[in-house]
Amino acid sequence: MRTLAWALLILAACSDSKNAPKDSPPPNDTPPGDSPLVDAASCESAPLPACATPVSGTRITLRRILPDLPDAALLATSPKNDARLFVVERSGVIHVYENEIKRATPFLDVSNSIAAGGEQGLLGLAFHPSYSCNGLFFIYYTTNTANVIARCSVTADANVANPTCTPVLSIPDFAGNHNGGMIEFGSDGYLYIGTGDGGGGGDPNRNAQALNNGSPQGDTIALLGKMLRIDVNNKAPGKEYAIPPTNPYATGGGAPEIFAIGLRNPWRWSFDKATGDIWIGDVGQRGNEELNVVKAGELSGKNFGWSIYEANVCCSAAVLACEQPAGSHAACVNTGLTFPRDSRSAASGWISIIAGETYRGSCYPDIVGWHFYTDHNTQTAGLHKARLTATGFETVPVPITLPSGITSIHADARGEIYVTRVFNNMGALYHLEANP
Ligand SMILES: [Ca+2]
Ligand SMILES: [Ca+2]
Ligand SMILES: [Ca+2]
């Protein structure tokens, strides 16, 4: 029924647009809150069929999907129950792949609205859980002064989005590095947003531990260095979103968007689609990279430690180049902090961790439940797989020679894992496969 309503809306929008002035807003970009979104429960699309030809075995290979992309490929993802793959390019373009064939026309091109290059660009993409009904999706991009989460919508053509997106949350930033960029919907229907500490070195504005703007320093920005959580299905007065009432500072004590604190640059992370556990790679500054795993439902209010600690090491100017002006910073006590499940040293070749995805697909049954992760310094760090066990945490190196410059390991709607990469300022896409 809802699907039919959406189809009619698309048809109506299509006929309206013929007579609409060219600069009128997209007719089917209905903002959340003005008219409530279709709730997720009434909007179930048909599940995709299980893999027709499952393959046994645990020998991992990466199969390259051509053609390469003109700029760094940063993420591959899909709407729920949608067989297509959407690949994010740093320059601001999203490409659609159908049956591994790239469509000639981009899905979205916001390259004129963003700052791209290095750590900046179009960094994240998350489809609304009810995308099949409401056609809404969210992007995370950088400008030269902010990190922006924006709401976008599809047109009557399912493979083309409206070119203009509406900023939902704009977080001021002061440096080109440490921009976070990953966004995902949780099983609670809220949008989770990972932000970096803003940049520079040693978190100079003391953002990651801050709960309020302007404290402890005048230039402190509270929404940086955090996991945020917002409700995009409703609007608070003057906002494009509402605050989930169960956020830890929803009623005071800190910025209400904050969900967890103490992150430096959570570039890539994901929810385990079977358990709801969250796996967060936090890129370390000088000595150590972090893989943090938090069980489902336990993320609220967590403090991951930066810039008091880098992984399990107390920050100090001498050892880790963490700037710690006297009196501006908490002492290195570990009470109340969440430490990583895995940390890897720069001395062993880890520079910028790429947390990944826990395999929950049906094509390779022997790797189900393993989380695959690596480092942007891919060839030195290598590929690894990990899982929580009854007694703790298990991590195992995966014998494969990886291509250099991996930027993400993420799943499509079937749970199949795709790997993106940058090389010579071009992008590449791979499918992770397991063989006998
Ligand atoms: Ca920044
Ligand atoms: Ca940490
Ligand atoms: Ca590092």
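## Close-up views of a predicted model

**View 1. Contacts around Thr220.** Thr220 touches Asn205, Arg206, Asn207, Ala210, Asn213, Gly214 and Ser215, with residues up to four places away in sequence left out of the list. The model shown here is predicted. Thr220 sits in the loop between strand S12 (191-194) and strand S13 (226-230). One of its contacts is Asn207. Thr220 and Asn207 are 13 residues apart in sequence, yet their C-alpha atoms are 5.4 Å apart in space. Is Thr220 buried or exposed? Thr220 counts as buried, because it has 21 C-beta neighbours inside 10 Å and the cut-off for a buried residue is 20 or more.

**View 2. Strand S13 and its two partners.** S13 pairs with S12 through four bridges, and the two strands run antiparallel. Within this pair, Tyr192 has Arg229 of S13 as its bridge partner. S13 also pairs with strand S14 (residues 258-261). That pairing is antiparallel too and spans three bridges.

View 3. Which residues of S13 lie on each side? Lys226, Leu228 and Ile230 are on one side, with Met227 and Arg229 on the other. Both faces are covered, and all of these residues are buried. The count for S13 is five buried residues of five.

**View 4. The largest nonpolar core.** This core has 110 residues. Those with the most contacts inside it are Val87, Phe138, Ile139, Ile149, Ile183 and Leu191. Strand S8 (residues 136-142) supplies the largest share of the core, six residues. Which residues does Val87 contact, beyond its neighbours within four places in sequence? The partners of Val87 are Leu69, Ala73, Ala76, Ile94, His95, Tyr97, Thr420 and Leu429.

**View 5. The sheet S15-S16-S17-S20.** Four strands form an open sheet in this order, with antiparallel pairing. Strand S15 (268-271) and strand S20 (342-345) stand at the edges. Each has a single partner strand, so one side of each lacks a neighbour in the sheet. Neighbouring strands of this sheet are turned by 10° against each other on average, direction ignored. Inside the sheet, strand S16 (residues 278-282) and strand S17 (residues 288-294) run antiparallel and are joined by five bridges. Gly281 stands opposite Leu291 in S17.

**View 6. The sheet S21-S22-S23-S24.** This open sheet has four strands in the order S21-S22-S23-S24, and its pairing is antiparallel. Why is one side of S21 and of S24 left without a neighbour in the sheet? Strand S21 (353-358) and strand S24 (393-398) are at the edges, and each has a single partner strand. The twist averages 25° from one strand to the next. Strand S22 (residues 371-375) pairs with strand S23 (residues 383-388) in the antiparallel sense over three bridges. Tyr373 has His384 in S23 as its bridge partner.

**View 7. The whole chain, for orientation.** The secondary structure comes to four helices and 27 strands. Buried residues make up 49% of the 436 residues in the chain. Among contacts between residues at least 6 apart in sequence, 59% join residues at least 24 apart.

Note on methods: Residues numbered from 1 in each chain as written. Chains lettered and ligands numbered in written order. Predicted model: local features only at pLDDT ≥ 70, side-chain atom pairs only at ≥ 80, totals over all residues. Pairing = 2+ DSSP bridges. Axes fitted to C-alpha atoms, helices over the stretch in contact; angles between N-to-C directions. Buried ≥ 20, exposed ≤ 12 C-beta atoms within 10 Å, placed from the backbone. Contact = placed C-beta atoms within 7 Å. Core = buried A, V, L, I, M, F, W, Y, C linked by C-beta atoms within 7 Å.
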